[in-house]
Amino acid sequence: MGRAVTVAACALNQWALDFEGNLERIFRSIDIAKSKGARYRLGPELEICGYGCSDHFYESDTLLHSFEVLGKLLESPATQDIICDVGMPVLHRNVRYNCRVIFLNKKILLIRPKISLANAGNYRELRWFTPWSKARHVEEYFLPRIIQEVTGQETVPFGDAVLATKDTCLGAEICEELWTPNSPHIEMGLDGVEIFTNSSGSHHVLRKAHTRVDLVNSATAKNGGIYILANQKGCDGDRLYYDGCAMISMNGETVAQGSQFSLDDVEVLVATLDLEDVQSYRAEISSRNLAASKVNPYPRVKVNFALSCPDDVAAPTCMPIKWRHHSPEEEISLGPACWLWDYLRRSKQAGFLLPLSGGIDSSATACIVYSMCHQVCLAVKNGNADVLADARRIVNDGTYIPEDPREFCKRVLTTCYMASENSSQDTSNRAKLLAEQIGSYHISLNIDAAVKVLVGIFSLVTGRTPQFSVYGGSRRESLALQNVQVCV
């Protein structure tokens with residue numbers, strides 16, 4: 001007899017400290033998940049407050065507003081009859097943790113703190129959070145009064161535990177824990193956990209998606225099971241771009257793939273899978289079963305709820321698919337372009353000004369802006385009302401519809417060739433040709449007067465006039481004169 005379960009992974013474009021906007025996007029994702037029949041919904045890491053809050057994590061207001069959002073989620077009818085898994089910071093015994101809060105029908109089931117923190121490269125989680133170091137240990141967490149009034153609970157389980165529903169067992173990982181050598185899913189799988197979840201704040205790096213997909217699929221290839229990964233997307237106010245890539249995998253194969261570069265603020269990936277396939281897969285791996293008989297068990301939080309329904313026996317389930325990766329050139333074009341769009345709309349500016357020299361650096365930047373314009377037009381064509389509203393606000397035209405990337409580029413990108421006595425006609429022609437090809441509003445001007453003013457001030461202060469090396473100046477003088485023209 002089949003046990004079909006329908007689960008949802010979300011990629012959300014959350015903004016740091018935008019509690020109202022983040023709440024609205026979480027509600028939208030829950031509505032979409034429920035409309036598609038999901039009975040479990042997973043969101044990205046720290047989705048309530050936003051991942052990139054930096055030192056605002058130290059502020060008590062960040063914790064307070066996160067609980068206020070959680071209270072609104074708990075009391076809303078939209079969150080009924082679906083297990084919701086959301087991310088937020090939690091202070092437990094005066095220690096700040098990066099947590100998942102899992103709840104159902106106005107009751108918090110478990111608060112699961114992050115065990116392995118990301119603290120390399122662009123990540124500095126140890127600056128703001130402490131890892132939970134008590135393996136398979138659960139404590140009582142005393143809820144704040146604003147949550148007690150909604151749930152009627154005084155305390156809830158806090159720690160390294162798993163959820164046991166009527167028909168399956170779920171265990172959570174948080175972002176970095178998937179990437180560690182001894183990931184929790186290994187021991188959880190041996191202890192009978194059939195569904196693994198991972199809420200991530202994983203940023204885009206060229207070809208990183210390949211590694212992420214391989215890690216998710218390998219997590220269940222040796223041990224069997226269902227793996228659900230949700231991720232932050234967009235620029236939440238920092239330098240980083242989070243690239244989505246939500247996915248669902250079973251028994252080592254991808255069954256659902258989310259987009260990597262998308263201007264949609266809310267993307268919900270839903271899959272229906274049969275738990276019997278997990279049991280059958282595991283039954284054939286004798287070495288796995290031998291190890292499972294010796295495993296140290298996890299604390300289980302019993303949940304009077306089932307992810308499957310009696311009438312789901314004949315429900316069609318998702319089949320394995322092949323992951324469709326972008327080429328390196330596509331990633332270079334799309335990732336920075338999507339970051340630029342978020343930066344533009346969130347800074348509430350009217351566009352970009354780019355000095356176009358005719359060289360490779362400024363030309364590449366101009367092409368990325370054009371790629372952004374192409375993505376905006378494509379999103380509007382596909383019915384994205386949020387992108388259309390942002391585009392109209394940026395161009396200050398309430399009836400405008402961006403349809404042609406070159407025409408939209410003319411409205412949001414001004415390129416400027418700034419000539420001097422050292423410029424060539426070739427670079428001027430190249431800049432003009434590229435501007436025509438991408439459609440930017442292009443102007444040319446001469447900056448000799450401004451350069452002479454700056455050099456004159458320097459000469460007045462130092463008593464000497466710098467020269468280019470071809471005229472007898474030193475390397476330092478030549479570099480300084482080049483930088484003066486760049487700064488102007």
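A cavity is a set of points where a 1.4 Å probe fits but cannot get out. The views below come from a predicted model.

**View 1. The largest cavity and its lining.** The largest cavity has a volume of about 50 Å³, and the structure holds two cavities of 30 Å³ or more. Its lining is made up of Tyr-40, Asp-85, Ile-102, Leu-110, Ala-161, Val-162, Leu-163, Leu-170, Gly-171, Ala-172 and Thr-197. At least two lining residues come from each of strand S8 (162-164) and strand S9 (169-174). Strand S9 contributes the most, with three residues.

View 2. An unreviewed UniProt entry carries the annotation "domain: CN hydrolase" for residues 5-275. Over residues 5-275 the chain is 34% strand and 24% helix.

**View 3. The largest nonpolar core, around Ile-48.** In soluble globular proteins, nonpolar side chains tend to be buried together. The largest nonpolar core here has 48 residues, and those touching the most other members are Ile-48, Leu-70, Leu-73, Val-90, Ile-108 and Ile-111. Elements giving two or more residues to this core include helix H2 (60-75), strand S3 (83-92) and strand S5 (107-113). Helix H1 gives the most, with six residues. Leaving aside residues up to four places away in sequence, Ile-48 touches Phe-19, Asn-22, Ile-26, Ser-66, Val-69, Leu-70, Leu-73, Val-86, Gly-87 and Met-88. A second, separate core of 36 residues includes Tyr-241, Ala-366, Leu-388 and Ala-419.

View 4. Helix H10 runs through residues 360-381. How far apart should its ends be? At 1.5 Å a residue, its 22 residues should span 32 Å, and the end C-alpha atoms are 31 Å apart, so the two values agree. Among the buried residues of H10 are Ser-362, Ala-366, Val-369, Met-372, Cys-373, Gln-375 and Val-380. The buried residues of H10 pack against helix H9 (328-347), strand S17 (352-355), helix H11 (385-395), helix H12 (405-412), strand S18 (413-419) and helix H13 (425-438). Just after H10, Gly-383 takes a positive phi of about 90°.

**View 5. The second largest pocket.** This pocket holds about 330 Å³ of space. It is lined by 17 residues, of which Ser-259, Phe-261, Ser-262, Gln-375 and Leu-378 are the closest to its centre. H10 supplies the largest share of the lining, three residues. Gln-375 is also one of the buried residues of H10.

Conventions:
Residues are numbered from 1 along each chain as its sequence is written. This is a predicted model: local features need pLDDT of at least 70, side-chain atom pairs count only at pLDDT 80 or more; totals for chains, interfaces and linings use all residues. Side-chain values use heavy atoms; hydrogens and water are left out. Helices (H or I, at least four residues) and strands (E, at least two) are DSSP runs, numbered from the N terminus. The expected span of a helix is 1.5 Å times one less than its number of residues. Buried means under 20% relative accessible area, exposed over 50%, partly exposed in between (1.4 Å probe, protein chains only). Contact means heavy atoms within 4.5 Å. UniProt positions are given in the numbering used here, feature names are shortened, and annotations may be inferred rather than shown by experiment. A nonpolar core is a set of buried Ala, Val, Leu, Ile, Met, Phe, Trp, Tyr and Cys residues joined through side-chain atoms within 4.5 Å. On a 1 Å grid over the protein atoms alone, a cavity is a set of points where a 1.4 Å probe fits but cannot get out, and a pocket is an open set with protein on both sides within 12 Å along at least five of seven lines; lining residues have an atom within 4 Å of a point. Grid points are joined across faces, edges and corners, and a volume is the space filled by probe spheres set on the points.
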